[in-house]
Amino acid sequence: MVFSSLEFLFWFLPFFLLVYFILPVKYRNICIAFYSICFYLCGSLDYPIYVILIVVSTIINYIIARCMEVQKRHKKLFLVTGLFYNFGILFIFKYFDFFIEIINNLMNRFHLEKFALTPVRLVLPVGISFFTFQIASYLIDVYWGKVKAERNLIDLSAYILMFPQLIAGPIVRFSDIRERLKHRMHSVKKAADGIRIFIIGLGFKVLLANRIGTLWHDINTIGFDSISTPLAWMGIAAFSFQIYFDFYGYSLMASGLGKIIGFHFPQNFRLPYCACTMTDFWRRWHITLGSWFREYVYIPLGGNRRGKARTYFNMLVVWLLTGFWHGADWNFLFWGLFLFAVLCLEKTGYGKWMETHRVFGHLYMIILIPVSWLLFAIDNIPLFIIYIKRLFGFGGENVFAGDIIKYVKLYGILLAVGFLFCTPLSGNIYKKISDKWFSWLIIAAIFAGAVYYLYLGLNNPFLYFRF
């Protein structure tokens, strides 16, 4: 089940909110935990054991955190045990077959095929990367003494399993919402604001991401060797908009749901496509993931406090892990290495120049952002090379140069709207009219349009569910 589904909008969510607000305050965390398990079960009907896994993991991490606080002499041992358990599960489900493939390739190279290992081919539990990082942050913060281990299993379960952000973030630290788990205020105004945010996110997802993503799907269907250079740029621009509005839309829906039930989730995006450098882009994109790597990897490794060479090494570790977090495939590692290289080059000085000369900075990022997403989007290296050739006009034989006209007619307006909503202009306009009565007509129109397209049964994936 996804937020942008008729089942969630007209069945799951209304029943959850009805029960949640009817119950006395002291039982509402139980409601959150129970409905979160039900939500995860609806998304794992073919693999119900995954629900048992996530519930058992919650209990195990509760016990480990309590042991760290009670047995302080052995808290490092408990921390290592907890991290080994959590990341071990992530490794088995997400990365085991990747390393099996590497080992088997080495076996084949040295003619040792008889020692080849059999891949386990496990289906990836939805949201396991987000779940693992969130619970790891909790254990580490308890170890560092930044938060106390939660004594109430129900409250901790509500934090870990909370369905608005369980599947695809944002990654919420326990310290961010601990007080609200105990005491939170509800009001009609907060609920109304949450509904607005949720519906705007739904619109970004269904009316923009899904429809713009159809262009990228069409180009994959045509074949990269059969498109012109202009269409190649249009296609990767479409993917860039799709992945942004897909993930940003989900983050807004999560924030809106959280606000309805009295929580405030951290901001996950801040107009990333308005950045003038890749360094600034990654301060604005998936902010909670960047914050996680900074707090729990980069700074513990020494950050920038141990000289330039160590700083670059720490950055390399972070970006390799960032790439690997997104997927167990070579293209994600190459993507992380590419970003590391660009960020290192920007540190030499031209990054500051781009931020000072913003026109050139925006032109620089207009090219760099789509090219970086290309590594993310295409997991086949030969196909990636073909697409790069198309982007920069190499090997253009047998290409119909007029293909761009057809797709501009089909998708030009959508791309223009996508571009507009990547800028501060649309947000500034909405802020000016948000307190007007007719703003609710706009919200209602967005909701009606989204429901209509969902009713038509058009393609409705969440790109970040596979991570």
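These legends go with a set of close-up views of a predicted model.

**View 1. The largest pocket, with about 1300 Å³ of space in it.**
Let's start with the residues around this opening: 39 of them line the largest pocket, and the closest to its centre are Ile200, Phe204, Tyr248, Leu252 and Gly427. Helices α9 (188–222), α10 (229–260), α17 (403–420), α18 (424–433) and α19 (439–455) each give two or more residues to the lining. Sort the lining of the largest pocket by class and you get 23 nonpolar, 11 polar and 5 charged residues.

**View 2. The second largest pocket, with a volume of about 830 Å³.**
Here 23 residues make up the lining, and Thr279, Arg283, Trp319, Leu343 and Lys347 are the closest to the centre of the second largest pocket. Look for α11 (278–284), α12 (287–301), α13 (308–326) and α14 (330–356), the elements that give two or more residues to this lining. The class count for the second largest pocket is 9 nonpolar, 8 polar and 6 charged residues.

**View 3. A nonpolar patch on the surface.**
Which residues form this patch? They are Trp353, Val359, Phe360, Leu363, Ile366 and Ile367, and together they have about 630 Å² of accessible area. Helix α15 (residues 358–377) gives the most to the nonpolar patch, with 5 residues. Pick out isoleucine 367, which has its place in helix α15. Isoleucine 367 counts as partly exposed because its relative accessibility is 46%, and partly exposed is the class between under 20% (buried) and over 50% (exposed).

**View 4. Arginine 121, a residue with a positive phi.**
Arginine 121 is not a glycine, yet its phi is positive, at about 50°. To find arginine 121, go to the loop between α4 (75–109) and α5 (128–144). Is arginine 121 buried or exposed? Its relative accessibility is 64%, so arginine 121 counts as exposed.

**View 5. Histidine 286, also with a positive phi.**
Histidine 286 has a phi of about 45°, and this residue is not a glycine either. Histidine 286 is found in the loop between α11 and α12. Why does histidine 286 count as buried? Because its relative accessible area is 1%, and buried means under 20%.

**View 6. The largest cavity, with about 130 Å³ of space.**
How many cavities of 30 Å³ or more turn up in a search of the whole structure? The search finds 2, and this view shows the largest cavity. Its lining has 13 residues, with Leu53, Ile54, Ile89, Ile128 and Phe131 nearest the centre. Helices α3 (49–70), α4 and α5 each supply at least two residues of that lining, and α3 gives the most, with 4 residues. By class, the lining of the largest cavity has 10 nonpolar and 3 polar residues, with no charged ones.

**View 7. The second largest cavity, with a volume of about 30 Å³.**
Phe130, Phe131, Gln134, Ile160, Gln165 and Leu166 line the second largest cavity. Two or more of these lining residues come from α5, and likewise from α7 (163–166). Helix α5 gives the most, with 3 residues. The lining of the second largest cavity splits into 4 nonpolar and 2 polar residues, and no charged residues are found there. Spot Phe131 again: this residue lines the second largest cavity and is also among those nearest the centre of the largest cavity.

Key
Residues are numbered from 1 along each chain as its sequence is written. This is a predicted model: local features need pLDDT of at least 70, side-chain atom pairs count only at pLDDT 80 or more; totals for chains, interfaces and linings use all residues. Side-chain values use heavy atoms; hydrogens and water are left out. On a 1 Å grid over the protein atoms alone, a cavity is a set of points where a 1.4 Å probe fits but cannot get out, and a pocket is an open set with protein on both sides within 12 Å along at least five of seven lines; lining residues have an atom within 4 Å of a point. Grid points are joined across faces, edges and corners, and a volume is the space filled by probe spheres set on the points. Ala, Val, Leu, Ile, Met, Phe, Trp, Tyr, Cys and Pro count as nonpolar, Asp, Glu, Lys and Arg as charged, and the others, Gly among them, as polar. Patches are made of residues with over 30% relative accessible area and no salt bridge: like charges are joined within 9 Å, nonpolar side chains (Val, Leu, Ile, Met, Phe, Trp, Tyr) within 5 Å. Accessible areas come from the Shrake-Rupley method with a 1.4 Å probe; for residues, only the protein chains shown count as cover. A salt bridge is a side-chain nitrogen of Lys or Arg within 4 Å of a carboxyl oxygen of Asp or Glu. Buried means under 20% relative accessible area, exposed over 50%, partly exposed in between (1.4 Å probe, protein chains only).
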